[in-house]
Amino acid sequence: MKKINLAIVGVTGAVGQEFLKLIEERNFPFENLKMLASSRSAGKKINFMGKDYTVEETTENSFEGVDIALFAGGKASKIFAPAAVKAGAVCIDNSSTFRMDKDVPLVVPEVNPQAIKRHHGIIANPNCSTIIMVMALKPLYDISKIKRIVVSTYQAVSGAGREGMEELKNQLEALANGKEVEAKVLPVASLNKHYQIASNLLPQIDIFMDNLYTKEEMKMIDETRKIMEDGDMKITATTVRVPVYRSHAESVNVEFYDEVSVESARAALEKFPGVIVRDNPAEMIYPQPLETSGKDDVEVGRIRKDFSVEHGLNFWVCGDQIRKGAALNALQIAEYLITNGK
């Protein structure tokens, strides 16, 4: 791969820090690296791969000479991505800002790499729970078109960023020491009401929409259709925050137009890049958030027939929300750009 000039926007956050880990692990080919963040983090020193970097405040002038800009998410994307494109950079954006824009590809490289070529300067990273699900759906969809999906997610607090992870840690410590538990972040930091997540489950991720689904649930529905390029696919979702630090889990029920056997599903999943089948009920082997945390691959198990419909399967899928659900997926898109020309 040729070396490029790289910028990371939001480098001090959870996803930004994961970008740095993965760049080093994967020997990502960069010549120069700009570490960008908000004014609160500007001036902070970060030692990376033996070199000291100073975090700069992100401005519209931050992207001169940058080939690829990785946006970790948040409001910065809407404000600065257009300026980065104007300066000649390709933006790979982890926020929801551009995902449903018809002119912006929404990409999981193992699933729809062909969409990358259609970019006009911005490529969107899907929602973490969507990425994890479509990694398991794609090899099955290639056997038979999917008629309907029912998904329930069990999402780690890492999905709420570093603040969500800190809140769970603090609440568990408070409970262990008999102290009062404080809730300031979950389910949604910007709302006035917050609930304890330690020893609890919260059936709300993001705000409620007019149709009584949450924004997270609608992201999964709309994004899956766009990625799979199938607007007729029927999807319903319930997303739940659970007291797990990292790695989301999802229970997925799929109804196909044609018969898909457990054996053919397992064989297709085993061959698919980025997926590991961990499925041996006799030995109590199945994917778990604890075991998939910090790992690149998505794991699938509990593959079984759904006897309530004509052509149905159930499966359970786990994946690290910060890695494949965010930073790794974006970095894979960048690697594709470098290898195939942007």
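1. Strand β10 (residues 234-241) is mostly covered, since six of its eight residues are buried, where buried means under 20% relative accessible area, exposed over 50% and partly exposed in between, with a 1.4 Å probe and protein chains only. Strand β9 (residues 146-155) runs parallel to β10 and is joined to it by eight bridges, and within this pairing Ile149 has Ile235 of β10 as its bridge partner. Strands, like helices, are DSSP runs numbered from the N terminus, with at least two residues (E) for a strand and at least four (H or I) for a helix; two strands pair if DSSP finds at least two bridges between them.

2. On the basis of the note: this is a predicted model, in which local features need pLDDT of at least 70 and side-chain atom pairs count only at pLDDT 80 or more, while totals for chains, interfaces and linings use all residues. Residues are numbered from 1 along each chain as its sequence is written, and side-chain values use heavy atoms, with hydrogens and water left out.

3. An open sheet is formed by six strands in the order β5-β2-β1-β6-β7-β8, with parallel pairing. Its edge strands, each of which pairs on one side only, are β5 (56-57) and β8 (122-124). Strand β1 (residues 4-9) pairs with strand β2 (residues 30-37) in the parallel sense over six bridges, and Asn5 stands opposite Asn32 in β2.

4. Helix α1 (residues 14-25) packs on this sheet, where it touches β1, β2 and β6 (68-71), and its direction makes about 150 degrees with that of β1. Helix α2 (residues 76-86) lies across β1, β6, β7 (90-93) and β8, and runs at about 175 degrees to β6. Contact here means heavy atoms within 4.5 Å, and axes are lines fitted to C-alpha atoms, for helices over the stretch in contact, with angles from 0 to 180 degrees between N-to-C directions.

5. Helix α3 (residues 128-141) packs with helix α6 (residues 262-271) at an angle of about 120 degrees, with the axes 9 Å apart. That makes α3 oblique to α6, because angles under 35 degrees count as roughly parallel, over 145 as roughly antiparallel, 65 to 115 as roughly perpendicular and the rest as oblique. The crossing of α3 with α6 is right-handed, a term used if the near helix is turned clockwise from the far one by less than a right angle, and left-handed if anticlockwise. Ala136, Pro139 and Leu140 in α3 meet Ala265, Ala268 and Leu269 in α6, and by class this contact of α3 with α6 has six nonpolar, no polar and no charged residues. Ala, Val, Leu, Ile, Met, Phe, Trp, Tyr, Cys and Pro count as nonpolar, Asp, Glu, Lys and Arg as charged, and the others, Gly among them, as polar.

6. The axes of α3 and helix α5 (residues 215-228) come within 10 Å and cross at roughly 40 degrees, and this crossing of α3 and α5 is also right-handed. Among the residues making the contact are Met133 and Leu137 of α3 and Met220 and Ile227 of α5. By class, the contact of α3 with α5 has seven nonpolar, three polar and four charged residues.

7. Some backbone details deserve a look. Leu186 and Pro187 are joined by a cis peptide bond, with omega about 10 degrees, and Pro187 is found in the loop between α4 (161-176) and α5. Asn27, in the loop between α1 and β2, has a positive phi near 55 degrees although it is not glycine, and Asn27 is exposed, with a relative accessible area of 62%.
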